[in-house]
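Colleague: Got a minute to walk me through how these chains meet? I'd like to go at it question by question.

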Amino acid sequence: MARARLHRLLPAVLGAVWAVACGPKHASGPTRPPELAGAGTSLVVLLPDADTGLAGRANVANPFGSVDLETKYDATSATPNRRPDAVSTLSEADVTRIFGDALSALPPPLQHFTLFFRFESDELTDESRALLQDVLNAVRGRTAPDIAIVGHTDTTGTSSANFQLGLKRSTAVRTLLVAAGLDPSVVEVTSHGEADLLIQTADETAEPRNRRVEISVR
Amino acid sequence: MQAFSRMCIGVLALALAGAAPLSAQNPTAAGRIKVASGSALIVRQGASIPAQAGQVVFESDQLRTGTDGRIGVTLKDDTRLSIGPNSEAHLERFVYAPAEGSLALVVKFVRGVAAYVSGRIAKLAPDAIRLETPSAIVGVRGTSLAVRVEP
């Protein structure tokens, strides 16, 4: 009972904590020492996608307002007690100067492979079977690699049967890769069944391009 | 009898509610460290572990670096995260089970510099992602970002 009451009160309590910790400071309240004036200030910068060079979108919000970042190197600075600043655009040189250390620690982009299957089967098409060697080569080119093998199906049949079929497909691919020399301890096999279609279709639709296994080498 | 079974359900519900915060004790892997150099730590349930490439990270892990440290992580949904020196970021929440429709990513940037490159969760359920700083919440639409938080 006490717990149920706490749960109901929690949003109010959190709101009060935010208001006290982050809310506008009244003249009568304690003022922050000047050397800590910037504490908690955050600078958020939108970066271009490494593949396309285009940027996505981001929204930076706090209880006092929000701003949208829409093109590459759009930036805003937010402090705990007022709305985020109007958007400005940083130069590439600024981004490198400020964020170079973090950016240089980003792991390399993943490599993706998509393998296709025959209808209602865990047997690869011939073209896809030929890609297995490329997967192994990608794994060998990385430090601390791990591999995710995710099975997918089209929307023919029930979602639970498709979960199982997806798992059967991903397991079959792992078996082939391990037989070809892949270390099984860095492989994870899962199924997304019919929940993650490559080609959007209605339910009960046969679609060869949805009968696939996606491999992420990372 | 019916009242009794209702009470039992109530007790069970309370027990489950009480157990929920403890689920961090039995977590599933959220991703792996790919880059670790200098003074680089994972803080897990209060204990500090040196971060090394290849190590698994879990939901609720905290990443921390010293003056010469850097850490880069790839999560299971292909999200990539990194922090530079004198930095700290917490992987508050990570759920990636698209077959059940369960997706969530919450990262708290506490101090220092960080980079974020979105993965599958951003494509499947962008609203399930929340990047937090001490002064703002960042929502993303298939995005690469860099964040600096003043200490």
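Colleague: How many residues of chain B are in contact with chain A?

Modeller: Keep in mind that this is a predicted model. Chain B's touching side draws at least two residues from each of several elements, including helix 1 (2-19), strand 1 (29-37) and strand 9 (102-117). By class, that side has 14 polar and 9 charged residues, next to 24 nonpolar ones. On the chain A side of the contact there are 47 residues, and the count for chain B is 47.

Colleague: Which strand of chain B pairs with strand 1 of chain A?

Modeller: Strand 1 of chain A covers residues 42-47, and the pairing is antiparallel, over 6 bridges. One of the residues involved is Leu47(A), whose bridge partner is Ser144(B). That partner sits in strand 12 of chain B, so the answer is strand 12.

Colleague: Which element of chain B gives the most to the largest nonpolar core?

Modeller: That core has 55 residues, and those with the most contacts inside it include Val44(A), Ala102(A), Ile71(B) and Leu145(B). Val44(A), for one, touches Val60(A) and Leu69(A) as well as Val138(B) and Val147(B). With 9 residues, the top contributor from chain B is strand 9.

Colleague: And how many residues are in the other core?

Modeller: It lies apart from the largest one, and among its members are Leu115(A), Ala172(A), Leu177(A) and Val189(A). Its residue count is 16.

Colleague: What share of chain B is buried?

Modeller: Chain B comes to 2 helices and 12 strands. Out of its 151 residues, the buried share is 46%.

Conventions. Residues are numbered from 1 along each chain as its sequence is written. Chains are lettered from A and ligands numbered from 1 in the order in which they are written. This is a predicted model: local features need pLDDT of at least 70, side-chain atom pairs count only at pLDDT 80 or more; totals for chains, interfaces and linings use all residues. Helices (H or I, at least four residues) and strands (E, at least two) are DSSP runs, numbered from the N terminus. A residue is buried if 20 or more other C-beta atoms lie within 10 Å of its own, exposed if 12 or fewer, and partly exposed in between; C-beta atoms are placed from the backbone. Two residues are in contact if their C-beta atoms, placed from the backbone, lie within 7 Å. Ala, Val, Leu, Ile, Met, Phe, Trp, Tyr, Cys and Pro count as nonpolar, Asp, Glu, Lys and Arg as charged, and the others, Gly among them, as polar. Two strands pair if DSSP finds at least two bridges between them. A nonpolar core is a set of buried Ala, Val, Leu, Ile, Met, Phe, Trp, Tyr and Cys residues joined through C-beta atoms within 7 Å. Lists of a residue's contacts leave out its neighbours within four places in sequence.
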